Structures are given as C-alpha cells and as structure tokens.
Amino acid sequence: MLARIREAVRKAGAQAPRNEVFPSDGAPVLVLREGKVVPAVMGWGFPGMQAGRNVINARAETAEERPMFRDGVAARRCVVPATGFYEWDADKRRYLFRMPARTELYMAALYGVFGGEARYCILTTQANASVAPVHHRMPLVLRAQEVRPWLEDEQTARRLLHETPPELERRETDGQLRLW
C-alpha cells in the first residue's frame, strides 16, 4: 500500500517526505474521491488561534462537538498512512509504535482548506494498553479494513471515534523512521 501511495504522489508531481513528518510538513493522506480511495498531499496542522501555532491533533472524544472539527467529522475525513509513529515518555525516551506483522499503519484524521491549502489534523484518543506505559494519548489508529468505511460512511466514522485502537508493537529507539 505504501509503495502505491508513493507512486501516486510521484505521478501527481508532489514531493513525498523522506523521513519523519513534522507539524506543518506536507505528507500523503488518503481521501475518498469519486468512490475511490486515493492519495493526496496535505500539510499537517490546522491554523491555530495564535499566529504560527498549528493545531496538529484533535481529541476524537470531542471532535463532533468542537466547531473547528465538527464539519470535518461529518464530511472531510482522511487517513494518514505511515509505517509507525513516535511517542516520548516522561523521561524523554522515544518509542516507535507499529502494527504487529504489518508494514503500514493508518491514523484517522480530518482535513480542511485554509487559505487555499488543504491541511489535516490527526485524531487522538485515550491510550490503549500498548501505548499507556509511555503516553496517555495516542493517534486513533484504524485497522486496514476500517480505512474505507472511515472515509465513506459518516455513521461508521462517528462510531470509530469512540473505539479502542488495536494493540501495537513498541520499541525504544533513537533512530529516524523512514516513511518512504
């Protein structure tokens, strides 16, 4: 899947990130267009209330209620594909989280257009048992079979906002994560 996304982004003439993705960076996301799941490149983070400060995460538990995210839940959902994500513990040790026995991981997100630029915001939820020893929050990770329903069906998406994400593999790391 990641190879197909990389190829589609290349054909579209966009630049895929080479290593980690940081707030405000452009990165591939999956969206639903004309009934097909297709990649698009968007910047990470909605413009915040303070200049220069992006809102990179939204709480899944309250996204339906918040004006900034409400319309996204209803009609502008996307998925951020990755090989994994990092979290840091209280002692500033970095951990890599990945799906067991898979090369890809899918994070639920919302998008909007700000000043003509499409931008996404990752949904987070209470950490499950695999992430909780490191951090109290985690991305809302979708199983591969949940990607299309998340994108296609508003009622399914609203249900998934309150689901516990799958268990993940965790390892302490100091190295870089290559997405592409």
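The model on the screen is predicted: local features need pLDDT of at least 70, side-chain atom pairs count only at pLDDT 80 or more, and totals for chains, interfaces and linings use all residues. Residues are numbered from 1 along each chain as its sequence is written, and side-chain values use heavy atoms, with hydrogens and water left out.

**The whole chain**

Display the whole chain before selecting parts of it. The chain contains four helices and 13 strands. Of its 180 residues, 46% are buried; buried means under 20% relative accessible area, exposed means over 50%, and partly exposed lies in between (1.4 Å probe, protein chains only). A surface display covers about 9,600 Å², of which carbon and sulfur atoms supply 48%; such areas come from the Shrake-Rupley method with a 1.4 Å probe, and for residues only the protein chains shown count as cover. Among contacts between residues at least 6 apart in sequence, 64% join residues at least 24 apart, where contact means heavy atoms within 4.5 Å.

Return to Lys 92. This residue is exposed, with a relative accessible area of 68%. Its phi is positive, about 65°, although Lys 92 is not a glycine. Most residues other than glycine have a negative phi.

Next, select Asp 89, in the loop between strand 7 (85-88) and strand 8 (94-98). Is Asp 89 buried or exposed? Asp 89 counts as buried, at 10% relative accessibility. Its side chain makes a polar contact of 3.4 Å with the side chain of Tyr 95. A polar contact is a pair of N or O atoms within 3.5 Å; within protein, one must be able to donate a hydrogen and the other to accept it, and residues adjacent in sequence count only if both atoms are side-chain atoms. Leaving aside neighbours within four places in sequence, Asp 89 is in contact with Tyr 95 and Val 134.

Now show the aromatic side chains. The structure holds five aromatic pairs. One of them joins Phe 85 and Phe 97, which are stacked at 5.3 Å centre to centre with 20° between the planes. Because Phe 85 lies in strand 7 and Phe 97 in strand 8, the pair ties together parts that are 12 residues apart in sequence. Phe 85 is buried, with a relative accessible area of 6%, and Phe 97 is also buried, at 0%. Rings of Phe, Tyr and Trp (its six-membered ring) pair if their centres lie within 6.5 Å; planes under 30 degrees apart count as stacked, over 60 as edge-to-face and the rest as tilted.

Select Arg 94 with Tyr 86. The charged end of Arg 94 sits over the ring of Tyr 86, 4.0 Å from its centre; this requires NZ of Lys or CZ of Arg within 6 Å of the ring centre and within 35 degrees of the ring normal.

**Strand 9 and its partners**

Move to strand 9, residues 105-114, where eight of the 10 residues are buried. Strand 6 (residues 77-82) pairs with strand 9 in the antiparallel sense over six bridges; two strands pair if DSSP finds at least two bridges between them. Here Ala 82 has Leu 105 as its bridge partner. Strand 12 (residues 141-142) is also antiparallel to strand 9, with two bridges, and Val 141 stands opposite Met 107. Strand 10 (residues 117-126) runs antiparallel to strand 9 and is joined to it by six bridges; Tyr 111 and Tyr 120 are bridge partners. Strands 9 and 10 form a hairpin with two residues between them, and Gly 115 in the turn has a positive phi of about 55°.

Finally, select Arg 119 in strand 10. Arg 119 is buried, at 8% relative accessibility. Ring pairs link Phe 46, Phe 69 and Phe 114 into a cluster.
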